[in-house]
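These are my notebook entries on a structure that I had not looked at before. I went through it one topic at a time and wrote down what I looked up.

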Amino acid sequence: MATDTTGMTSKDYYFDSYAHFGIHEEMLKDEVRTMSYRDAIMKNKHIFQDKVVLDVGCGTGILSMFAAKAGAKHVIGVDMSNIIDKARLIVAENGLADRVTLLKGKMEEVQLPFDKVDIIISEWMGYFLLYESMLDTVLLARDRYLSPNGKIFPDTATMIVSTIEDGEYKEDKLNFWDDVYGFKMTCIKEAAMHEPLVDTVESRVVNASQCVFKTIDILTVQKADLSFTAPFEVSIARDDYVHAFISWFDIEFRACHKPVRFSTGPFAKYTHWKQTVFYTQNTLTVCKGDTIKGTITCAPNSENPRDLDIIYDYQLEGKEQTSAERLAYRMC
């Protein structure tokens with residue numbers, strides 16, 4: 001049966017997309033993601049025992065069920081997507097309906113059966129950490145419902161940048177538009193340069209040090225902090241070419257007795273978040289020991305806040321080449 005899309009906004013389309021089972025299958029099969037949450041919850045039953053837990057964006061209810069199995073007194077899951085209708089059946093099928101309550105609606109509109117919660121759990125991260133993320137909603141839930149000294153799982157995210165040599169792929173992806181079966185389509189090439197690429201990057205093409213340019217403490221961060229300009233500096237590891245910047249994020253559950261961490265970077269096991277590639281206009285010739293430094297600016301797009309405007313301002317003062325560029329991208 002077709003979905004009636006009359007009058008739907010971009011936010012509506014976002015939530016509607018999460019009603020499709022394929023998205024949830026991909027996330028559940030992401031063992032790094034799912035097992036990290038499972039370990040953070042199930043190996044810390046002393047933290048969850050007899051606690052009231054809120055699962056923001058509960059999806060299929062997997063995190064809610066982990067929390068219930070870990071001894072939570074009660075778990076409330078909230079999701080706006082139609083997947084929650086299936087999640088209720090899943091919870092009942094697993095004999096947890098008496099301790100897991102699932103509410104359909106927006107976090108700011110639903111009425112929870114408890115005034116305060118002891119723990120918030122959420123898998124809110126998007127590509128480049130913040131693209132189409134639910135962090136705004138987690139912060140709203142935190143400010144409205146989390147009790148003093150309450151905990152958030154996970155509670156820390158770090159954003160990391162480096163550089164890559166990626167000439168062959170860049171040639172195939174971008175220069176393809178210069179000659180498409182004998183026709184020039186350079187207007188698409190120009191647009192493609194401003195759209196970050198989400199893909200799996202082989203670790204061997206990373207050719208610089210890693211720089212953490214943003215750390216987010218979810219217990220204290222404010223919505224305004226998610227629009228930022230942050231400095232970065234990386235050191236080139238070998239004589240090579242730089243065709244792009246690469247970014248990824250790491251996640252940490254510091255509230256655990258033994259902290260649980262996972263990375264979405266190219267040196268770690270695959271996750272469905274992959275990495276985000278930002279191609280430079282110019283190919284940079286670099287030597288070992290050269291430094292590339294500058295700033296990264298990130299903010300929600302003014303027309304569609306779920307999109308991200310990202311700007312790289314960088315300078316290379318190298319042995320072979322000097323270069324400076326301001327690169328503007330939009331994740332949409």
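**Entry 1: a loop residue and a proline**

I began with F128, which I found in the loop between β4 (117-122) and α7 (135-145). The model is a predicted one, and in it the phi of F128 comes out near 55°, a positive value in a residue that is not glycine.

I then turned to a peptide bond, the one from F153 to P154, and noted that it is cis, with omega near -5°. P154 itself sits in the loop between β5 and β6 (156-164).

**Entry 2: the cavity**

How many cavities of 30 Å³ or more does the structure hold? I found one, and about 30 Å³ of space lies in the largest cavity.

Its lining is made by F128, S247, W248, F249, T264, W273, K274, Q275 and T276. The elements that contribute two or more residues to this lining are β10 (240-253) and β12, and β10 provides the largest share, with three residues. When I sorted the lining of the largest cavity by class, I had four nonpolar residues, four polar ones and one charged one.

**Entry 3: the second largest pocket**

Next I looked up the second largest pocket, which holds about 260 Å³ of space. I wrote down that 15 residues line this pocket, and that D166, Y169, T200, E202 and V205 are the ones that lie nearest its centre. By class, the lining of the second largest pocket divides into seven nonpolar, six charged and two polar residues.

**Entry 4: the parallel sheet**

Before reading the sheets I reminded myself that strands of a sheet pair through backbone hydrogen bonds, either parallel or antiparallel. I found an open sheet of five strands in the order β3-β2-β1-β4-β5, and its pairing is parallel. Why is one side of β3 and of β5 left without a neighbour in the sheet? The reason is that β3 (100-104) and β5 (146-153) stand at the edges, where each has a single partner strand. From one strand to the next, the twist of this sheet averages 20°.

**Entry 5: the antiparallel sheet**

I also looked up an open sheet of four strands, in the order β9-β13-β14-β15, and here the pairing is antiparallel. The edges are held by β9 (228-235) and β15 (322-331), each with a single partner strand, so one side of each is left without a neighbour in the sheet. The twist averages 15° from one strand to the next. I traced β9 to its partner β13 (residues 291-300), to which it runs antiparallel with eight bridges, and I recorded A230 as standing opposite I296 in β13.

**Entry 6: two packed helices**

My last entry concerns helices, and two packed helices are described by the angle between their axes and the distance between the axes. For α2 (residues 21-29) and α3 (residues 31-42) I wrote down an angle of about 65°, with the axes 5 Å apart. Angles of 65 to 115 degrees count as roughly perpendicular, and α2 and α3 are therefore roughly perpendicular to each other. The contact is made by M27, L28 and K29 on the side of α2, and by E31, R33 and T34 on the side of α3. Sorted by class, the residues of this contact of α2 with α3 are three charged, two nonpolar and one polar.

Methods: Residues are numbered from 1 along each chain as its sequence is written. This is a predicted model: local features need pLDDT of at least 70, side-chain atom pairs count only at pLDDT 80 or more; totals for chains, interfaces and linings use all residues. Side-chain values use heavy atoms; hydrogens and water are left out. Two strands pair if DSSP finds at least two bridges between them. Axes are lines fitted to C-alpha atoms, for helices over the stretch in contact, and angles run from 0 to 180 degrees between N-to-C directions. On a 1 Å grid over the protein atoms alone, a cavity is a set of points where a 1.4 Å probe fits but cannot get out, and a pocket is an open set with protein on both sides within 12 Å along at least five of seven lines; lining residues have an atom within 4 Å of a point. Grid points are joined across faces, edges and corners, and a volume is the space filled by probe spheres set on the points. Ala, Val, Leu, Ile, Met, Phe, Trp, Tyr, Cys and Pro count as nonpolar, Asp, Glu, Lys and Arg as charged, and the others, Gly among them, as polar. Angles under 35 degrees count as roughly parallel, over 145 as roughly antiparallel, 65 to 115 as roughly perpendicular and the rest as oblique. Contact means heavy atoms within 4.5 Å.
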